[in-house]
Amino acid sequence: MLTACPLRIAVLALTTLVIGAFGLSAWYDHELSRQDTETDLTELTRLMEQHTLAALQAGELQIARIRDYMGTRLPSQMGGPADQKALARITSELPLADSAWIFDADANMRASSHELPPSGLNVADRAYYTAVRDGAAKFISPLIWGRLRKGPFLAMSRRVEGQDGRFAGGVQISLQTSYFTDFYRNLSSEPGVIFAIYKDDGNLVMRSALAPGQESVAPPVKLLGLLKSKSSGTFQTVSTADGVERLYVFRRIEGHPLVVISGVPVPTIYAGWRDRTLRNGIIAACILAAFLVIAAKLADTLRREAGLRARAETLLADKDVLFQEIHHRVKNNLQIVASFLTMQGVRSRDPAVATAFEEALSRLQSMGLVHQILYEQNEASHVSMEAYLRALSMTVGQTFGADLRGIHVEVAPSEVCLPMDTAVPLALLANEALTNALKHAFPPGRGGRIRMELTEQDDKLAFTLCDDGVGMEENAKSGLGMTILSALSRQLEGSLEWVKGQGTCLVVTFPACP
């Protein structure tokens with residue numbers, strides 16, 4: 001027969017258990033909120049890194065095209081309507097480009113994609129001039145406020161030398177800030193979230209929520225110290241720009257003196273946790289209060305039980321049922337306390353994007369697939385290329401209606417896995433080659449086959465894409481798509497070859513990873 005003393009012990013034990021479980025689950029949820037935010041920030045920062053790399057590669061490609069157009073002419077020999085028209089045409093082919101400039105050794109602008117002022121323009125005070133003048137082969141500027149265009153821009157410049165090896169001037173291309181800020185808005189719409197690009201010396205290159213006329217926002221103080229020993233990492237500090245404490249994730253862009261950084265306000269991290277903790281606390285308190293009331297009433301009943309043995313048996317039976325219900329409700333409450341909400345993923349893109357950005361979006365999606373495969377494999381460093389190529393064939397095939405057109409895309413089995421720095425350019429190359437084949441190899445009414453294969457022999461890898469379409473015309477090899485394929489094969493330190501036969505066959509051979 002239950003007496004008052006064991007009942008008090010049971011009440012105290014259950015109260016301690018509920019409070020302890022609630023406190024433990026609240027602490028775990030608090031830590032999980034930070035971990036989930038850090039994981040999401042890491043993925044967003046990786047997207048920023050690839051987005052920035054794509055912009056830099058596109059800018060370098062446009063500068064190379066301008067140098068090809070110049071031929072053997074020096075900057076001092078440039079100028080006139082024909083050069084302006086040519087620069088305007090080259091600039092227009094890169095949607096993220098704003099303008100292109102050619103300056104001589106004395107910092108005088110000689111040619112531009114826009115009309116120069118009658119008095120001319122001297123850029124001796126601009127870092128993109130002084131850097132190449134002082135010996136840098138190429139230079140990425142911090143954020144600059146334009147004197148002619150009256151707005152912020154990012155400049156990329158390359159040194160030009162004469163036949164005697166002396167400095168003769170440079171070529172510079174300006175990138176639109178909207179290309180970066182629009183992308184950052186798509187990454188997150190949460191208030192107070194910051195995305196930025198800095199140079200290693202702390203100069204601002206690009207930043208979300210950039211105020212008009214704002215050319216310089218100092219990086220978090222801890223960032224420059226961490227960059228001395230790490231290429232990526234996480235830290236928490238108070239921003240010197242607005243006084244808000246944020247959790248930051250940073251990544252150095254390999255091969256460039258740049259670092260991308262994203263930060264979310266600490267209160268934002270724990271906003272959902274506070275709501276869940278309050279709700280679960282109220283539920284736990286209500287259940288515990290109900291239990292205490294019931295226990296008090298039960299104790300009173302037990303004290304009046306003396307002399308009423310028959311009724312006591314009924315009360316004991318009722319008590320057993322009541323305790324079973326109490327334990328059931330407590331168990332459900334602990335399950336509620338132990339349940340957590342997953343964070344919302346990166347918002348999908350606006351489907352009504354301009355036609356000019358469709359190919360760029362396709363390339364970004366191809367990089368995104370790399371990361372999707374990593375995720376599905378639970379692997380952080382190496383990508384299964386067979387899985388990636390199959391996912392790419394499905395995605396790109398659906399985009400161009402391959403099944404409806406009678407085009408079958410095959411992927412040969414492969415056990416090759418590549419690290420991120422090799423997988424990303426190969427992914428872009430495969431996407432570009434497959435897109436070109438689906439667009440040009442099969443005219444309306446004609447079906448066929450496309451086969452992709454990645455093989456390894458000795459210390460070489462070979463990527464092959466063959467189709468049995470109408471074949472490629474010679475003048476098609478000079479287009480922008482072929483230029484991109486050539487640039488990506490050079491980035492892989494490989495060679496690109498077109499093999500004649502039925503249809504078109506592309507073979508890219510490059511060194512295998514150690």
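Reply: Val499 stands opposite Cys505 in β18, and the bridge partner of Trp498 in β18 is Leu506. This is a predicted model, in which local features need pLDDT of at least 70 and side-chain atom pairs count only at pLDDT 80 or more, while totals for chains, interfaces and linings use all residues. Residues are numbered from 1 along each chain as its sequence is written, and side-chain values use heavy atoms, with hydrogens and water left out.

β17 and β18 (residues 504-511) run antiparallel and are joined by five bridges. Strands here are DSSP runs of E with at least two residues, helices are runs of H or I with at least four, and both are numbered from the N terminus. Two strands count as paired if DSSP finds at least two bridges between them. The hairpin of β17 and β18 has four residues between the strands, and within this hairpin Gly503 takes a positive phi near 80°.

The sheet is open and consists of five strands, in the order β13-β15-β16-β18-β17, with mixed pairing. β13 (407-411) and β17 (495-499) are the edge strands; each has a single partner strand, so one side of each is left without a neighbour in the sheet. From one strand to the next the twist averages 15°. Such angles run from 0 to 180 degrees between N-to-C directions, with axes as lines fitted to C-alpha atoms, for helices over the stretch in contact. In a regular strand, side chains alternate between the two faces of the sheet.

Two helices lie across this sheet. Helix α10 (residues 385-399) lies across β13, β15 (448-457) and β16 (460-467), and runs at about 170° to β13. Helix α11 (residues 420-440) lies across β13, β15, β16 and β18, running at about 15° to β16. Contact means heavy atoms within 4.5 Å.

As for the setting, the protein has 12 helices and 18 strands. Of its 514 residues, 44% count as buried, meaning under 20% relative accessible area, against over 50% for exposed and in between for partly exposed (1.4 Å probe, protein chains only). Among contacts in the protein with a separation of 6 or more, 62% come from residues 24 or more positions apart. The protein exposes about 26400 Å², of which carbon and sulfur atoms supply 55%; accessible areas come from the Shrake-Rupley method with a 1.4 Å probe, and for residues only the protein chains shown count as cover.
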